[in-house]
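This report covers aromatic ring pairs and the nonpolar core.

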Amino acid sequence: MTQNKIKLLAQAVSSNPDDSFSKFALALELIKSNRIDQALILFESIYRNEPSYLGIYYHLGKLYQHLDRIEEAEKCFSEGIERAKQQKEARTRSELQEALLQLKEETNDE
């Protein structure tokens with residue numbers, strides 16, 4: 001099923017490369033298929049091209065964390081917190097603050 005979703009979403013991205021929602025959905029499916037490098041490319045593209053897309057900060061930060069790119073994860077979560085404040089998105093801000101706190105706790109434990 002995931003391969004079919006990937007194919008459909010890849011077609012959507014191909015026909016509309018500026019569609020962040022389709023890129024985001026495709027990246028999430030790629031992660032499920034353990035195609036991390038491809039997901040990272042899509043997430044970073046959204047991050048660069050549409051910084052107001054709040055959903056990217058949590059998932060890109062978590063991906064950086066998974067890849068042990070801790071400084072980038074911390075930066076991503078922190079930027080997302082500021083964006084969420086600007087957009088008055090309290091729930092997203094809270095989720096990002098929690099992710100940042102967890103990240104700091106994990107890196108302090110090492």
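## Aromatic pairs

The structure holds four aromatic pairs, where Phe, Tyr and Trp (its six-membered ring) count as paired if ring centres lie within 6.5 Å, with planes under 30 degrees apart called stacked, over 60 edge-to-face and the rest tilted. The model is predicted, so local features need pLDDT of at least 70 and side-chain atom pairs pLDDT 80 or more, while totals for chains, interfaces and linings use all residues. Residues are numbered from 1 along each chain as its sequence is written, and side-chain values use heavy atoms, without hydrogens and water.

Phe 24 and Tyr 53 form a tilted pair, because their ring centres are 5.5 Å apart and their planes lie at 55°. Phe 24 belongs to helix α2 (residues 20-32) and Tyr 53 to the loop between α3 (36-49) and α4 (55-66), so the pair ties together parts 29 residues apart in sequence; helices are DSSP runs (H or I, at least four residues) numbered from the N terminus. Both Phe 24 and Tyr 53 are buried, meaning under 20% relative accessible area, with exposed over 50% and partly exposed in between (1.4 Å probe, protein chains only). Ring pairs link Phe 24, Tyr 53 and Phe 43 into a cluster.

## Core

The largest nonpolar core has 31 residues; such a core is a set of buried Ala, Val, Leu, Ile, Met, Phe, Trp, Tyr and Cys residues joined through side-chain atoms within 4.5 Å. Among the members that touch the most others are Phe 43, Ile 56 and Phe 77. Helix α3 gives the largest share, seven residues.

Key: Helices (H or I, at least four residues) and strands (E, at least two) are DSSP runs, numbered from the N terminus.
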